[in-house]
Amino acid sequence: MDLKSNHTSPVLTDTAPMSNSRLGIHSAIRPYPTNGPAFSSNLFLTIPRKKSGILDDVRSSLFDTMKSSSPTHNMLTKESSTETALSDSDLAYRHWLLKYPSALASFEQIAKNAKGKRIALFLDYDGTLSPIVDNPDQAYMSDTMRAAVSNVAKYFPTAIISGRSRDKVYEFVGLNELYYAGSHGMDIMGPVRPFSSDYKNCIRSTDKQGKEVNLFQPASEFLPMIEEVFRSLVEITKDIVGAKVENNKFCVSVHYRNVEEKSWSTLGDYVNDILKQYPRLRLTHGRKVLEVRPILAWDKGKAVEFLLESLGLMNSDEILPIYVGDDRTDEDAFKVLREANRGYGIIVSSVSKESDAFYSLRDPSEVSQDPFLNFTSTSCHGIPQDPGEMEEEKHDTLTFEYGVV
Ligand SMILES: [Mg+2]
């Protein structure tokens, strides 16, 4: 592998003006109208919404979804029952690997596809860079992972796109050389670059080091509503042992990993009851977490597109975006890359599940071993051992070569 120069220059622009719309939000990402159809609780789990339903069915459906969103639970039950069940699970995973090959085992092929291209790397946090843990406040990434992410960021533009608040994920990662998108991409701090007219509500700001950045918060009008819902959810769930409500700034997470299964239905009912009062919010599921977020045509996939554009990498066949994530919300990003036929997703999973990703990694420890994150490894041919020799704007100038000694 080698890293070659391919010069481009960043261009500073004035803060983008507000559009004629009240919020300055482009129509493509504008919230759905508030005077639309009345909120229907049976529409929580999928979009587009269904037209009708019975509340009991909805609650049953929510409970079922809470259970199905916990593959570890199912797997552990099987594993503890019989040896045959374990073998079936293992067999299913191996069969799944045929469809989503290991990114480690496929590195030669991936590297060939990346040859001559400029890579942009997007990483989810929980379950991807850090293990899923009982206490979400203690989802720390390992020093090995931090070193790997810091290393790859020396070569290629690297962004974290998390459901957590941007401040929280920065607190966990602690690397200044990355770009951060919190709240499932609804809070993006990126480089100061020219934008297309699609992003009217992007403002100029400064990061924690005082460096000038672009700040894009398409759900900014929802901030008071989210804070209100957060307080309501904290109050209504306070008697459910193990429930934890997390304010992620533009969305709220209700963690039920530590809640006894017999209380999951009650917890789901409580969340549903609160959401009835907020027709502009919706409910999605993660790994043992319910997530309340604005009804907004904005997700991690849109965030990837936004960051590619802000990095000046959107309209080029020479760019190879790679997105690594483990959860349902990451599927939006996988889908964007698959449908655009550019780059690829890598799903992090130790169980078989449908995905729009192309490759897989079993767990965060495998992510930390990914050769793309370890360019100075001796297993990678031709990678410069001293990235300090490269020019400062290296992110704009490097292409990927494989097998060049
Ligand atoms: Mg995740």
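The protein chain folds into 11 helices and 15 strands in this predicted model. Of its 405 residues, 51% count as buried. A magnesium ion is held by three named residues, Asp-124, Asp-126 and Asp-326.

**Overall fold**
- Among contacts in the protein chain between residues at least 6 apart in sequence, 67% link residues at least 24 apart.
- The protein chain has an accessible surface of about 18,400 Å², and carbon and sulfur atoms account for 49% of that surface.

**Magnesium site**
- The protein donors of the magnesium ion lie 2.1 to 2.2 Å from it.
- Asp-124 and Asp-326 each donate through OD, whereas Asp-126 donates through O.
- Along the sequence, the donor residues follow the spacing D-x1-D-x199-D.
- Asp-124 counts as buried because its relative accessibility is 4%, and the cut-off for buried is under 20%.

**Nonpolar cores**
- The largest nonpolar core contains 56 residues. Phe-122, Leu-233, Leu-281, Val-292 and Trp-298 have the most contacts inside this core.
- This core lies between two domains, because both give residues to it: domain 1 (102-218 + 298-368) and domain 2 (222-294).

**Contacts of Leu-233**
- Leu-233 is one of the residues with the most contacts inside the largest core.
- With neighbours within four places in sequence left aside, Leu-233 touches Val-245, Val-252, Val-254, Val-271, Ile-274 and Val-292.
- Val-292, a contact of Leu-233, is also listed among the residues with the most contacts in that core.

Technical notes. Residues numbered from 1 in each chain as written. Predicted model: local features only at pLDDT ≥ 70, side-chain atom pairs only at ≥ 80, totals over all residues. Heavy atoms only, no water. Donors = N, O, S within 2.8 Å, 3.2 Å for Na, K, Ca; no water. Buried < 20%, exposed > 50% of the residue type's maximum accessible area, 1.4 Å probe, protein only. Helix = DSSP H or I, 4+ residues; strand = E, 2+ residues; numbered from the N terminus. Contact = heavy atoms within 4.5 Å. Areas by Shrake-Rupley, 256 points an atom, 1.4 Å probe, with all protein chains shown as cover. Core = buried A, V, L, I, M, F, W, Y, C linked by side-chain atoms within 4.5 Å. Domains from an automatic or database assignment.
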